[in-house]
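Please look over the sequence and the model shown below before reading on. The report that follows moves from the place where two chains meet to the parts within each of them.

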Amino acid sequence: MRAALLLEDGTYFAGRAFGARGQRCGEVVFNTSLSGYQEILTDPSYHEQIVTMTYPLIGNYGTNPEDGESRKLFAAGFVVKENCPYPSNWRNGGTLADYLQQRGVVGIEGIDTRRLVRHIRTQGALRGIISSTETDTQKLAEKLREYPGLVGRDIVKDVTVDRPYEWNQGVIDVSQPAGAHRTGIPPARHKIVAFDFGIKHNILRLLVSHGCQVTVVPAQTTAAQVLARKPDGVFLSNGPGDPAAVTCAIDTVKILLGQVPIFGICLGHQILGLALGGRTYKLKFGHRGANHPVKNLDTGRIEITSQNHGFCVDLDSLADKDVQLTHMNLNDNTLEGLRCDRLQAFSVQYHPEASPGPHDSQYLFQNFIRLMDTRAA
Amino acid sequence: MPKRKDIHKILIIGSGPIVIGQACEFDYSGTQACKVLRKEGYKVVLVNSNPATIMTDPELADRTYIEPITPEVVEKVIRREKPDSLLPTLGGQTGLNTAVALAEGGVLKKYGVRLLGANLRAIKKAEERDLFKKTILNIGLQVPKSGCAHTWEEARRIVEQVGFPAIIRPSYTLGGTGGNIAYNAEEYEKYIRWGLSLSPKSEVLIEESVIGWKEYELEVMRDRKDNVVIVCSIENLDPMGIHTGDSVTVAPAQTLTDKEYQLMRDAALKIIRAIGVETGGSNIQFAVHPENGKLYVIEMNPRVSRSSALASKATGFPIAKIASLLAVGYTLDEIPNDITKKTPACFEPTIDYCVVKWPRFTFEKFPQTPAELTIQMKSVGEAMAIGRTFKEAMQKAIRSLEIDRYSLDDRRVDRSLPSDRLKDKLRHNGWDKLWYVAEALRREIPVAEIFALTKIDPWFLNNIKDIVELEAKLVAGKGRLPEKDLLEQAKQYGFSDKYLASLAGVPELEFRRHRQGLGIDCVYKTVDTCGAEFEAATPYLYSTYETECEAHPTTRRKIVILGGGPNRIGQGIEFDYCCCHAALALREIGVESIMINCNPETVSTDYDTSDRLYFEPLTFEDVMAVVEKEKPDGVIVQFGGQTPLKLAVPLEKAGVKIVGTSPDSIDLAEDRKRFNQLVNQLGLLQPESGTATSYDETLQIARTLGFPLLIRPSFVLGGRAMRVVHDEESLKACVLEAIDVSGEHPILIDKFLSDATEIDVDAICDDRHVVIGGIMEHIEEAGVHSGDSACSIPPVNLKPEIIAELTRQTKLLGRHLQVRGLMNIQFAIRDDRIYILEVNPRASRTVPFVSKAIGVPLAKLAAKIMAGLSLEELGFTQEIVPTYYAVKEAVFPFLKFPGTDVLLGPEMLSTGEVMGLSDNFGTAYAKSQIAAGNTLPTGGNVLFSVRDADKAKAVGLARRLRALGFKIIATKGTCIEFIKNNIPSEFSLKMTEGRPNIVDAIINKQVDLIVNTAVGKQSILDSFSIRRSAVDRQVPYVTTIRGAEAVVRAIETLKAKRTTVKPIQLYYR
């Protein structure tokens, strides 16, 4: 079955369909991780994005019940060179194609993904439409024209939860025998309110495994509602789209700052940056992968990080603010982390919770705990 | 953190001769290290006995010692050079072991030399199995159950814990030498005893079997600020139980989820920290249970390894270069990524293609050894291929091997093989098992069943199944050329034109026209370390069938250099050396150099050796594709050995300009009849000869010429299936084998010149001059393959008039063959008559040796001649005859091939070479022997057992050895001869004559040197056990009487003179 991917500049890729049938618009982005496609597909930050994997062989180890990062698939479409119909892994529970199909995501395979990636690299992230029902350029172009793109739109509201809930699972350890992958949970020492802007489960798992009692709240939750829960700390999650458009969250964080320790990741970091008076801007094609070097300016150590962001906090915009820069990206010298000691808030642009990606930066969760400990003392 | 200021002079120890388990990859790593450290302003002192390396080129280090790599010799170098630091992690196991010995022996302390990269404690933690195990368990990781034994009694206790099958690994041996799997108590005892005798520390590790588990490797880098990155993950197609060097391996890991991969990554980080490798690269191997993911740590190399070379080529991340920079104090964030130029090296490469490495074997040369793969490495080389899919990369890898196989085809599979026999093939680990896997899939044996038999992960099996199914579609269209869609898919699956043409039943060229007519051509993509996230500044390319091509050829004047492909016996690093020199030469004269090669171990496949690198198979199709894309001004075929030479005619026919000696001249030299005419016309001599295509014809010729005869196939390198035959009785088997190897070409029959001296001459020619590079006198008599015999520059025993005549004949042939570039001639001299054995109008195996001996880079000059310069312009018109002696000696893999006879003959068996240098022949020869691992004794017992023809000479040698204080032992015939000549000699029984016999004496370490020569089937059979036990017990031995003469001379010199060391830079003054 044929499928097509059309970009807003008219670039057209013809391939084979896999997964669900249908058409979806989104921003076309690429991810350079060699593994972790299931985590990527289920990461809410990919909402309204058509994800291309640079590694050509995808689906090799299938899908399983443990590697999802949220309640559903968020990517708008999935683009690979070769989809594997015969996955092999002891945890495999089904093919990638079935996984996409059952969860309504359109996939395309058999295209020159490297050409697509190079195109995005030189042209910047582009809007696109993926389709396995219609392959006519004209018709696809018409539909694509209606798609507004991400800039200036609050799409967090599309992915956040409706009502608060408690999270009580710890991290998964797949080195344990099947059935015992859930690890034991330490007694809860801190009460956390975690904003769900599109939160990944592994953040929640890590918070619980670090001794937090976690309540997840919708993005629109007000500062008063948060404070009413008497949290020891507030967590600002990752999420999709343009941070500057998520104005209600920025305003909430402005109020919370100084009242309770705050830790932000990715979109949470951008929102914190904005709340502290900084600006954000859109990167040419973003950072998406599991190999980005970040320097911790406190220790001088380099962390190999998992990244997924298209927007970035403007370094210069923080120059006159009461903010310390804590982490820098060594590939392009963009801001990767900041801290405001006075207000007891810190955040990173990248993903210390990994999943997928390296575990080099998990100490940040410990730092959050320590911050709350200091506060309590 | 900037580079360290407390380091000024760094000693680097190379890995010595090419042996199984230690090949060109350490020339690659050492060369990178020398280059970058000198660029950083450090003085570099290098010790390496292997002249065929780029690293031993005089420009690469400040002081280059081509000396034996032993702690004693290196100590002399240290005493002379006073380096402040030693970088031990780039010279393979040899370099590391030598560094450990120097550290433990107090030498480093005595001279104030620091170890860089890894300290002694870290090395021992990684290398000593017991310490390693403790370290791993301490950090919460698991290893297979195991124990370490130093005696048989200890070993017996350990196996009670470990159980059968038990893996036995001797410590501190190369490529897992002596490694075995024991399935029962009897095998266990045998292997333990062997392992204990092989380990330099008499230590073996006995391990719980993890045979059939999935095998992975991670390449890890660490800097002094404890930043750690993973450069590459590798998944072995072959499961645990087959040495990773003998396994088909794939990068990156294919069948691990991110969670599982990250566990492995976490483990690797913990391990490198716990072992304490301070800076540089390490390789860590893991086993994963296929049904539950249980993770075992198998081993760690605290140094750059073969896998590091592979990982470097697979990702574009230059591990050795970066490891060197880290060793002198830089941190990863301070080093730029060479490929992107803009991003730093402190990242983890990501790739957007699949890499397949396939080992190359030479079991046909060792027919007495079972062709079964085990945990002891047996492959002699490897090819790597890059494709956008595993299927494509795998099929490219197969044709890169140059074993006349272009797919997992069924041509060599017996299609009537009963299914139980086929399953047997799947159960056993033959080197060609995957062809049987394909056959099983053709017979629709389910993947699950094949997995159960082979333990090859179903992911790989299913990929092969895809290939087999597409092949079936292509076969179904037999006689017709495939249509566009099908053909496009076939090309994307990596099928070669050659194989597709054979399926369609048309000639390759016709198929090619059809394909190109449909507009199906490959494109080139870049290896860029980053999955296209950043722009690549380095044109390191591979072909694939996609829509966008990134090759972007320049408009400069350019020449393509064809490399030699995978290492094999007969064609190895010597040819890569020549190719690298060609690239350097072209750069020097402003011509763009474009390298095509598929051997990941080599310097030639380093992306900065040439201006542009195409990592591609060396077949007509793949080379033509590059040529069509690049449109070069010429192609050099004479440097890569037989591989590119075979392509000369087809390429020329396709309109490609071959620079240097014309394909017609090559043909004139190779074609028997044409060459005979030329020799006659020039009034030169050749042994009488004939050609035949059948046994009967051969017999006819044999009767005319008379025995002994030299029988050989045409168009082979390394004397494949070449034999000296002494009687009609042994003629038939030998002729049939030669006919089989020769294929459509006739076999060659020469009158064999007994007891002749063989001479190799390398010369360089342009339109006007023929200049001798070197005249090499072989130590062993004619009949021993030139690659296997030792030789000396200048000659030791030749009369001046003979040398003059050799020079005259060389020049005459060079001019008449219109050679432009390099030429090699083999002569035999008997009774002062000079016979021409063969002329090769191409770079020969001896080019690097000669170049190092005379201090002139012949290959580089030759490349410049091919690009249009003259010898006069290059300033080389006069032969250089050294005032010192350079001796080359061959190094053999016999230890890895149990049961193989070690007698030398016309079929080449050596894997590598060493060079000994001194102002006198005796010392130079002695050094060559020490470097080759044949350490000559200066006292003790010498065993003689020689054939009748050698007895007179043996008497003289025995007398000299007596005078040196040796005791003589001899077998019956030899002993009688000695006694007759008044040489006191102890009589010993041969193995077949009763006990205690000579083999008992060897095992009991009562023999220090063995001289054994044999001729004739029975005599060879009788004395086999003497030679074999000499190898197995590592007793120095020599199997020719001329070799024995040189040995005695060397021992005399060793006793009379102190052996000193001297860098080549001083020899050349």
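The contact between the two chains takes 47 residues from chain B and 45 residues from chain A, where two residues are in contact if their C-beta atoms, placed from the backbone, lie within 7 Å. This is a predicted model, in which local features need pLDDT of at least 70 and side-chain atom pairs count only at pLDDT 80 or more, while totals for chains, interfaces and linings use all residues. Residues are numbered from 1 along each chain as its sequence is written, and chains are lettered from A and ligands numbered from 1 in the order in which they are written.

On the side of chain B that touches chain A, the elements that give two or more residues are helix H9 (258-275) and helix H16 (458-476) of chain B; here helices (H or I, at least four residues) and strands (E, at least two) are DSSP runs, numbered from the N terminus. H9(B) gives the most to this side of chain B, with 8 residues. By class, the side of chain B that touches chain A holds 18 nonpolar, 13 polar and 16 charged residues, where Ala, Val, Leu, Ile, Met, Phe, Trp, Tyr, Cys and Pro count as nonpolar, Asp, Glu, Lys and Arg as charged, and the others, Gly among them, as polar.

**Chain A**

Chain A has 10 helices and 19 strands, and along its principal axes its C-alpha trace spans about 65 × 50 × 40 Å. With 377 residues, a compact globule would have a radius of gyration near 21 Å, and the 20 Å of chain A agrees with this; the radius is taken over C-alpha atoms, and the globule rule is 2.2 Å times the number of residues to the power 0.38. Buried residues make up 61% of the 377 residues in chain A, a residue being buried if 20 or more other C-beta atoms lie within 10 Å of its own, exposed if 12 or fewer, and partly exposed in between, with C-beta atoms placed from the backbone.

Chain A is divided into domain 1 (2-144) and domain 2 (156-376), with bounds that come from an automatic or database domain assignment. The contact between them takes 24 residues from domain 1 of chain A and 26 residues from domain 2 of chain A. Strand S3 (23-31), helix H1 (37-41) and helix H3 (113-123) of chain A each supply at least two residues of the side of domain 1 that touches domain 2, and S3(A) gives the most to that side, with 3 residues.

Within chain A, strand S19 (residues 345-348) is covered on both faces, with A:Ala345 and A:Ser347 buried on one side and A:Phe346 and A:Val348 buried on the other. In a regular strand the side chains alternate between the two faces of the sheet. The table below lists strand pairs from both chains, where two strands pair if DSSP finds at least two bridges between them.

| Strand pair | Sense | Bridges |
|---|---|---|
| S14(A) and S19(A) | parallel | 4 bridges |
| S18(A) and S19(A) | antiparallel | 4 bridges |
| S17(B) and S18(B) | antiparallel | 4 bridges |
| S18(B) and S21(B) | parallel | 2 bridges |

In these pairings, A:Phe263 stands opposite A:Phe346 in S19(A), and A:Gly337 stands opposite A:Val348 in S19(A). S18(A) and S19(A) form a hairpin with 4 residues between them, and A:Gln344 in the turn has a positive phi of about 55°.

**Chain B**

How many of the 5 residues of strand S18 (residues 540-544) of chain B are buried? The count is 5 of the 5, so S18(B) is largely enclosed by the rest of the structure. B:Tyr540, B:Tyr542 and B:Thr544 lie on one side and B:Leu541 and B:Ser543 on the other. B:Leu541 is the bridge partner of B:Thr526, and B:Leu541 also stands opposite B:Tyr614 in S21(B).

Helix H3 (residues 92-104) of chain B has 10 of its 13 residues buried, so H3(B) is largely enclosed by the rest of the structure. The buried residues of H3(B) include B:Gly92, B:Leu96 and B:Ala103, and H3(B) is followed by B:Gly106, whose phi is positive, near 80°.

In helix H36 (residues 1041-1056) of chain B, the buried residues include B:Ile1041, B:Val1048 and B:Leu1054. Among the elements that cover the buried residues of H36(B) are strand S28 (770-781) and helix H31 (921-931) of chain B.
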